[in-house]
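Biologist: I would like to learn how to read the disulfides, the core and the sheet of a model like this one. Could we take these features in turn, with the general idea ahead of each case?

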Amino acid sequence: MKSGMTNIIKLSSILLIGLITTQVIADDLCYLSQKKSEKAFPSLIKCYKSNSDSCCVSAHDSEIGSEIDSFLSSSCVRRFAEIEFYFCYGCHYTEPKSTNSTANTITLCKSFVERLWGSDINSPTEKFDHCGFKVGSNIEIPSKKWASASAFFADVLPPLFSGFSIQIADDDKNCFNTAPGHTLVALGVALVAYLTV
Ligand SMILES: *[C@@H]1O[C@H](CO)[C@@H](O)[C@H](O)[C@H]1NC(C)=O
């Protein structure tokens, strides 16, 4: 009787985890590689965080790398993790979930934008002022150039996504975030292992 109940709990947990897992791993094709995400080989250098599961290939990574290196000075390039994630957007394994290539939109989660911007997303930010950004051939002091995060995204798109526009959505929508979905899956797997022992 008691163990029957436990089994029901175990079974529902497994079903729930399965559901979460399928939600996290969307099986749409990647915009850049035009395939499902897979382990990068050869390894990516600039977007190395996507090496274990990538939506781009080496040539995309190289192009993204030269764009980041032009955008930020070499002293500043490693200082802003979210800017790196933003530039490496096309390599991230969740990219298909937040790209609509019919409407040419990329949807970012509000909490990601807040982390990137570092202050009220509807106001200018001074977070990047000591570094400056190079956009085209102009060097910009970000707080003087962009009145909001949206204004910034209108001028600075992830490399290889020209013609796209950036939208910002609440976190529960299909949107880009760097909260690691793979960690969630790993946790799920660990929980299943625990429950089935
Ligand atoms: C993508 O955009 C098109 C055109 O706006 C829309 O009809 C479609 O529903 C969108 N797809 C998704 C998955 O949101």
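Biologist: What is the handedness of the link of Cys109 and Cys175?

Modeller: This is a predicted model, and every value comes from its coordinates. Handedness is read from the torsion about the S-S bond, and for Cys109 and Cys175 that torsion is 90°, with the link being right-handed. The S to S distance of this disulfide is 1.9 Å. Because Cys109 lies in strand E2 and Cys175 in the loop between E5 and helix H8 (181–196), the pair ties together parts that are 66 residues apart in sequence.

Biologist: Are Cys109 and Cys175 buried or exposed?

Modeller: Both Cys109 and Cys175 are buried.

Biologist: Which handedness does the disulfide of Cys47 and Cys88 have, and why?

Modeller: Here the torsion about the S-S bond is about -85°, so the disulfide of Cys47 and Cys88 is left-handed. Cys47 sits in the loop between H1 and H2, while Cys88 sits in the loop between H3 and helix H4 (95–98), so this pair ties together parts that are 41 residues apart in sequence. Cys47 is buried, with a relative accessible area of 3%, and Cys88 also counts as buried, at 8%.

Biologist: How many disulfides does the count come to, and what pattern do they follow?

Modeller: The count comes to 5 disulfides, and when the bonded cysteines are counted along the chain, the pattern is 1-3, 2-6, 4-7, 5-9, 8-10.

Biologist: How should I read the buried residues of a helix, taking H5 as the case?

Modeller: An α-helix has 3.6 residues a turn, so residues three or four places apart point the same way. In H5 (residues 110–117), the buried residues are Ser111, Phe112, Val113, Leu116 and Trp117, and they pack against helix H3 (81–87), strand E2 (105–109), helix H7 (149–155) and strand E5 (165–169). Leu116 is also among the residues with the most contacts inside the largest nonpolar core, which has 41 residues.

Biologist: In what order do the strands of the open sheet run, and where does H5 pack?

Modeller: The order here is E1-E2-E5, with mixed pairing, and the edge strands are strand E1 (99–100) and E5. E2 and E5 pair in the parallel sense over 5 bridges. H5 packs on the sheet, touching E2 and E5, and its direction makes about 75° with that of E2.

Definitions and conventions
Residues are numbered from 1 along each chain as its sequence is written. This is a predicted model: local features need pLDDT of at least 70, side-chain atom pairs count only at pLDDT 80 or more; totals for chains, interfaces and linings use all residues. Side-chain values use heavy atoms; hydrogens and water are left out. Buried means under 20% relative accessible area, exposed over 50%, partly exposed in between (1.4 Å probe, protein chains only). Helices (H or I, at least four residues) and strands (E, at least two) are DSSP runs, numbered from the N terminus. Contact means heavy atoms within 4.5 Å. A nonpolar core is a set of buried Ala, Val, Leu, Ile, Met, Phe, Trp, Tyr and Cys residues joined through side-chain atoms within 4.5 Å. Two strands pair if DSSP finds at least two bridges between them. Axes are lines fitted to C-alpha atoms, for helices over the stretch in contact, and angles run from 0 to 180 degrees between N-to-C directions. A disulfide is a pair of cysteine sulfur atoms within 2.5 Å.
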